[in-house]
Amino acid sequence: MTPDIRIKFFDVVYGRNSPDSLSHLIDHARNSSRPETARAALKSAKKLATDDDVPALLTIIQFTTHSNVRQEAKLVVISLASRSSARPRLASEIKAAHDSATSDDARLIFIELLGAAGGKEATIVVEKALASESQMDRLAAIAALGTWADDTQFEMLLDHLAEEEDERLRNTTFQSAYQFLMND
């Protein structure tokens, strides 16, 4: 099947919203050599993914060589985190993936994802990243705080806004706080 046709097919699958297709979508995203079809499969899986799919999605983030596929998998995990009734388990799985990350790109995504899961484990990792000398770590922590699962860490975000000396990071922190306030 040509990539264009496969992408259209995934659009149809997305519209049907059938849980039976989920495992096939994730398998395709994990095994595809074409990043555009892998992204389309992940977009189609966004509404369907459940807590049981987290390990496969984290594996995609960990091992894909395509940043756009990694970003799409991140969006799927954020979407399912908002519907999850097992956020502490989700946070533990993401933290374990963070601790065993094989690349900085994946590690930074895992920091961001910890915000969507929230909880004590996530707070520890995000606080450490926020205090890091690395701008990339701080950016990931700021993004995590902007998508935090509840309002328990909003004060941390505001404190960082007041303390951040780098103009670009301060602006990003403000945008993250604004994003948090605009979330339902």
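1. A crossing of two helices is called left-handed if the near helix is turned anticlockwise from the far one by less than a right angle, and right-handed if the turn is clockwise. The model discussed here is a predicted one.

2. Helix 9 covers residues 135-146 and helix 10 covers residues 154-163. Their axes lie 9 Å apart, and the two helices pack at an angle of about 140 degrees. An angle counts as roughly antiparallel only over 145 degrees. Helix 9 and helix 10 are therefore described as oblique to each other. Their crossing is left-handed.

3. Which residues make this contact? On the side of helix 9 they are Arg138, Ile142, Leu145 and Gly146, and on the side of helix 10 they are Met156, Leu157 and His160. By type, the residues of the contact divide into four nonpolar, two polar and one charged.

4. Helix 8, residues 120-130, has these buried residues: Ala122, Thr123, Val125, Val126, Ala129 and Leu130. What do they pack against? The buried residues of helix 8 pack against helix 6, helix 7 (104-117), helix 9 and helix 10.

5. Ser84 sits in the loop between helix 5 (67-83) and helix 6 (87-99). Is Ser84 buried or exposed? Its relative accessibility is 13%, so Ser84 counts as buried, the cut-off for buried being under 20%.

6. Ser84 also has a partner some way off in the sequence. Ser84 and Asp51 are separated by 33 residues in sequence, while their C-alpha atoms are 6.7 Å apart in space. The side chains of Ser84 and Asp51 are joined by a polar contact of 2.8 Å.

7. Thr64 is found in the loop between helix 4 (54-63) and helix 5. With a relative accessible area of 15%, Thr64 is buried. Leaving aside residues up to four places away in sequence, Thr64 touches Val69 and Arg70.

8. Ser21 belongs to the loop between helix 1 (3-16) and helix 2 (22-31). Ser21 has a relative accessible area of 15% and is therefore buried. Which residues does Ser21 touch, not counting those up to four places away in sequence? They are Val13 and Leu48.

Technical notes: Residues numbered from 1 in each chain as written. Predicted model: local features only at pLDDT ≥ 70, side-chain atom pairs only at ≥ 80, totals over all residues. Heavy atoms only, no water. Axes fitted to C-alpha atoms, helices over the stretch in contact; angles between N-to-C directions. Helix = DSSP H or I, 4+ residues; strand = E, 2+ residues; numbered from the N terminus. Parallel < 35°, antiparallel > 145°, perpendicular 65-115°, else oblique. Contact = heavy atoms within 4.5 Å. Nonpolar A, V, L, I, M, F, W, Y, C, P; charged D, E, K, R; others polar. Buried < 20%, exposed > 50% of the residue type's maximum accessible area, 1.4 Å probe, protein only. Polar contact = N/O pair within 3.5 Å; in protein donor to acceptor, adjacent residues only side chain to side chain.
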